Amino acid sequence: MAILKKIILFAFPLFLTGCYQDFDPKIDTEPVLCLNSLITAGEPIYVNVSHTWVYTDMAGSKDHSVDDAELQIFANDILVDSEYIAQEGDHIHIIASSQKYGEAEAEVTVPFATQISAVDFTPKVTDVELTQTPGWGINASIEFDAYINLRISDDEKTDDYYRLIDKSFDQNQIVSFSPGSFEPLDPVFYEQTNTFDDVMNGTYYSMCFSDRLFNRETNTINFAFSPCYIHLSGLKEDQADLECGWEFTLYSISESYYNWLAFCDQAGGIVFGDFGDYGLAEPIWGYSNVSTGAGVVAAQSSATITLNLQDFLSDYISKEYN
């Protein structure tokens, strides 16, 4: 965000020239304030205030702090201090000023968390090795694919934006869980991919999406993990703690955060971002909702649900030995 858009234009023709020469552009653009903040419901509000710099400014690239910055944060039109805890539904207005770099401001509303009503799990076991050694216990290795449906309570009256994060867990030394690779099965993971990207890349998807493709009757998000592995080592018959699985966190994010993540995905991941690096396509400009065009002020809230594979594992082992 710190490199201004008009400056980037100077970079692309250099890749297409047949010779090199010293180039010192005279850039008629003054540095401006840059604001960056990710406001999370239930946490204090932290704002990073810096300034933009041109790519020839080595000192600015190393130190772009603003020593004389004055910062004001308003929550629902009330001036708050650094100890204020952001709440769902808060309208946050940030104003920063500097004698040297001028003024910048941005606004965002903290979204309400979208609740996860249920998570359904369908395993497809592909390989199993089970041995039982007297005095030692059960050793097992189970390979499977996990098909998962995440059901959420989306609000039909608003345009909502999401980011899905998964984290695997196992609780003790007896159980070792390897979650495999995420496989997007739902169209929502491809909503940022156009036809040309799909043909050229094929595997591009994003964990950031909106509700525009949801079926309003079911509101399910479908995905899988494959191949998954659970290894058991020395399991005794009286040991019931086989907890392992996933923790899924659905972040409800502001439109500004969605747009910023979409820009990052496209600039760094898909075909047009790569072509732009070589001057063969239009450059993708950075997204900003700050008045100066530098920085992003975003907000998020979250809901979490746990998918515990303990029952699946216990039932499967009991079935194999009975």
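Author: Happy to; below is the overall make-up, followed by two residues. This is a predicted model, where local features need pLDDT of at least 70, side-chain atom pairs count only at pLDDT 80 or more, and totals for chains, interfaces and linings use all residues. Residues are numbered from 1 along each chain as its sequence is written, and side-chain values use heavy atoms, leaving out hydrogens and water.

Reader: Great. How many helices and strands does the protein chain have?

Author: The protein chain has six helices and 15 strands; these are DSSP runs, with helices (H or I) of at least four residues and strands (E) of at least two, numbered from the N terminus.

Reader: And where is Ser226, and is it buried or exposed?

Author: Ser226 lies in strand E13, residues 220–235. Its relative accessible area is 16%, so it counts as buried (under 20%; exposed is over 50%, partly exposed in between, with a 1.4 Å probe and protein chains only).

Reader: What does its side chain pair with?

Author: The side chain of Asp145, in a polar contact at 2.6 Å. That term means N or O atoms within 3.5 Å; within protein, one must be able to donate a hydrogen and the other to accept it, and residues adjacent in sequence count only if both atoms are side-chain atoms.

Reader: Switching to Thr249: which strand is that in?

Author: Thr249 belongs to strand E14, residues 244–253. Thr249 is buried too, at 9%, and its side chain makes a polar contact with the side chain of Thr304 at 3.0 Å.

Reader: How far is Thr249 from Asp166?

Author: Their C-alpha atoms are 6.3 Å apart, although 83 residues separate them along the chain.
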